[in-house]
Amino acid sequence: MKKKRRDPPPLRTRSSMPAPAAVLLAVLVWILYLPCGGAADYVYHTSFEEGTSKPKGWIPPGKKDEWVWEKVGHTGNRCISLIGYNDEDGHAVWQSDPIPVDPGRVYRLTFWYKMEHEKKARGCGMGPAHVRIAFPFSADWREGEIFFWTPPHMKKTRLSFSIYHIKGKAYLDDVRLETMGVAYSQQGGLALSEHEQIEKGTYVFDWHFNTRTTNIVPVVTKIDCNYMDKRIRFASGEEVVFKFDLGQFEQLSGKVASRLSYYIDGEAIWLASKDGKTWIELGRMSDKKNIKNLGKNYDFTVPASLYPVKTLFLKLASTGALQIDRVRYEAKLSGSPPDMKGSTTFFKGHLVTVDNGALRLLFDQSLPRLVSIRSNGRPIGDVRCRLAQFEKEGIGYKGTGIESSSATGIKAVEVKKNTPTKCVVVVTAERSASEPCKREFEAKYEITAIAGQRWFTSRLLSIKNTDTVPYTVKGYNYLLTPAADPARPVAFPTVAMWLSKGPTLGCLMDQTEPFTLGLRKAADGPHGDVTRRIDTRIDPGMTVQKDDPALAIFVVPANDLKAAYRQAQDVRSALRKPVGRIAVGAITCEESEEQK
């Protein structure tokens with residue numbers, strides 16, 4: 001039986017910055033209009049269904065016994081595979097025909113893969129011509145994801161699917177490429193990516209080579225070399241140029257650090273400049289004599305003659321073939337810059353970010369979730385919604401006539417209130433697919449954040465039947481999906497929490513009657529399930545206004561029951577006080593549009 005095709009699942013969003021000393025509640029609004037790239041807004045997509053002797057648009061490896069155009073797939077009837085025959089040096093690559101891309105744009109590449117071989121520590125590689133990321137072994141179909149930036153000179157690229165040093169097979173299907181918007185943490189006139197942070201007056205850029213966003217580095221203004229999984233690979237004459245500008249805060253002193261991970265010949269040379277034209281050499285890295293220098297950290301101090309400086313340029317150039325797996329720049333700043341940890345967010349359409357200094361709430365209209373939660377530089381989880389719909393007996397779950405009907409998208413995100421102490425966002429979730437007991441609907445939720453608090457509230461405002469079939473809403477659910485799997489649930493009459501090795505989510509009500517709380521197991525991992533029964537009949541086109549109590553959702557400390565319970569008690573106490581007595585800081589609002 002063929003699987004039904006579906007769009008890729010929601011992309012994960014960025015982390016938030018930690019609370020500054022003087023807490024600031026900020027609402028940042030980015031609005032982005034992206035060009036369509038064909039079906040489902042994809043620039044490129046294939047599931048390898050078309051072709052004659054080989055799939056259309058893809059070039060197989062040179063040896064016929066290294067590849068197969070399979071008659072099975074993740075979806076549809078076909079996919080492609082690679083075959084390796086040697087654990088020591090087996091290597092094979094599929095390549096796409098050239099795909100047009102826009103220079104200087106951010107793209108998201110998604111695909112599905114699985115593998116069959118004994119050495120499960122080894123996976124497969126995927127990416128465009130200038131970026132290759134290794135993905136771990138998976139015996140079942142698994143989605144891979146890469147975000148990458150195209151250099152200013154790039155107008156076409158090829159996608160590559162590869163295996164290295166395996167004896168077995170790797171399968172690929174459902175490859176999709178789409179343009180994305182990108183936004184970075186903003187505070188005090190500064191914008192920092194996930195590779196950057198400021199703490200106690202010191203700025204640090206530490207290039208994270210082990211993430212799916214390795215290539216998205218806004219301080220890089222020029223790069224000739226390629227990204228290879230956890231490193232960058234240089235050939236002779238290639239270079240990377242960095243530009244560091246911290247706005248009103250001058251750089252007073254600085255140093256760079258880097259590490260050789262692979263070496264054939266030549267040297268890697270660090271240089272610095274105040275104008276990007278006249279360069280001063282800082283030092284060289286090489287391993288001409290033996291392998292003792294591989295894995296060694298090289299540290300170079302930037303000359304005092306270049307400071308103080310508002311904008312500093314750094315260059316890493318190569319005279320041979322070598323690889324670097326660490327790049328770091330550290331600088332002392334003037335004045336009193338805010339402590340902040342950078343983050344990178346990818347989005348399509350309309351993005352609203354509410355930052356109350358303790359939590360960062362992301363409302364991304366391109367994702368079928370009410371809100372995503374970040375705290376102290378890490379993702380905590382997200383909140384989704386669904387209705388329990390009754391249509392008629394004999395259909396639905398075990399013939400009961402009832403099914404859980406999840407929202408398939410977000411129709412609108414609107415900032416309704418933005419005061420110095422409180423921000424209110426109204427999210428309209430919708431289901432645009434209709435099937436028995438899973439009919440179309442629109443549901444509006446009011447989400448409220450208070451300055452300086454590690455919790456927020458959500459309240460259902462209305463439900464509209466946008467289908468042509470009448471149904472009864474037996475209840476509605478909040479699904480609290482943690483970023484990390486909870487180790488164990490903890491439930492009290494009006495509080496539910498899930499403890500893990502890292503921070504996760506909890507929820508509570510200030511009364512005992514409205515909701516039931518539980519932990520549910522699902523294919524994508526366990527999640528909190530908060531249910532309220534309402535038993536309301538809704539005819540087509542009808543809107544039912546609700547005046548339901550609010551649910552408080554809060555961050556649970558890592559694997560500490562006593563601390564988690566104290567956090568819940570603090571939230572309950574705060575809910576009973578006027579906003580003016582618990583809020584700290586002020587609200588600012590910004591809007592921006594991507595430059596085309």
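User: How many disulfides does a search of the whole structure find?

Analyst: The search finds zero disulfides, a disulfide being a pair of cysteine sulfur atoms within 2.5 Å. Before we go on, this is a predicted model, where local features need pLDDT of at least 70, side-chain atom pairs count only at pLDDT 80 or more, and totals for chains, interfaces and linings use all residues. Residues are numbered from 1 along each chain as its sequence is written, and side-chain values use heavy atoms, with hydrogens and water left out.

User: Is C385 buried or exposed? And what about C423, buried or exposed?

Analyst: C385 is buried, at 6% relative accessibility, and C423 is buried too, at 1%. Buried means under 20% relative accessible area, exposed means over 50%, and partly exposed is in between, using a 1.4 Å probe and protein chains only.

User: Switching to strands: in what order do the five strands of the open sheet come?

Analyst: The order is β18-β21-β26-β23-β24, with antiparallel pairing. Strands here are DSSP runs of E with at least two residues, numbered from the N terminus, and two of them pair if DSSP finds at least two bridges between them. At the edges are β18 (220-223) and β24 (280-285), each pairing on one side only.

User: How many bridges join β18 to β21?

Analyst: Three bridges join β18 to β21, which covers residues 239-245, and the two run antiparallel. One example is K222, whose bridge partner in β21 is V241.

User: Which strand does T311 lie in, and what does its side chain make a polar contact with?

Analyst: T311 lies in β26 (residues 311-318). The side chain of T311 makes a polar contact with the side chain of D245 at 3.0 Å; a polar contact is a pair of N or O atoms within 3.5 Å, where within protein one must be able to donate a hydrogen and the other to accept it, and residues adjacent in sequence count only if both atoms are side-chain atoms. T311 is also buried, with a relative accessible area of 16%.

User: Which residues touch the most other members of the largest nonpolar core?

Analyst: Those are W207, F242, L314 and Y329, in a core of 84 residues. A nonpolar core is a set of buried Ala, Val, Leu, Ile, Met, Phe, Trp, Tyr and Cys residues joined through side-chain atoms within 4.5 Å. Apart from that core lies another of 45 residues, including A407 and V544.

User: What does L314 touch?

Analyst: Leaving out residues up to four places away in sequence, L314 touches a list that includes V240, F242, W270 and Y329. Touching, or contact, means heavy atoms within 4.5 Å.

User: Why is β11 largely enclosed by the rest of the structure?

Analyst: Because six of the eight residues of β11 (residues 142-149) are buried. Eight bridges join β8 (residues 106-117) to β11, and these strands run antiparallel. Within that pairing, W112 has E143 as its bridge partner in β11.

User: What about phi at D174 and at K398?

Analyst: D174 is not a glycine, yet has a positive phi of about 50°. K398 also has a positive phi of about 50° without being a glycine. D174 is in strand β14 (residues 167-187) and is buried at 6% relative accessibility. K398 is in the loop between β33 (378-390) and β34 (402-406) and is exposed at 72%.

Technical notes:
Helix = DSSP H or I, 4+ residues; strand = E, 2+ residues; numbered from the N terminus.
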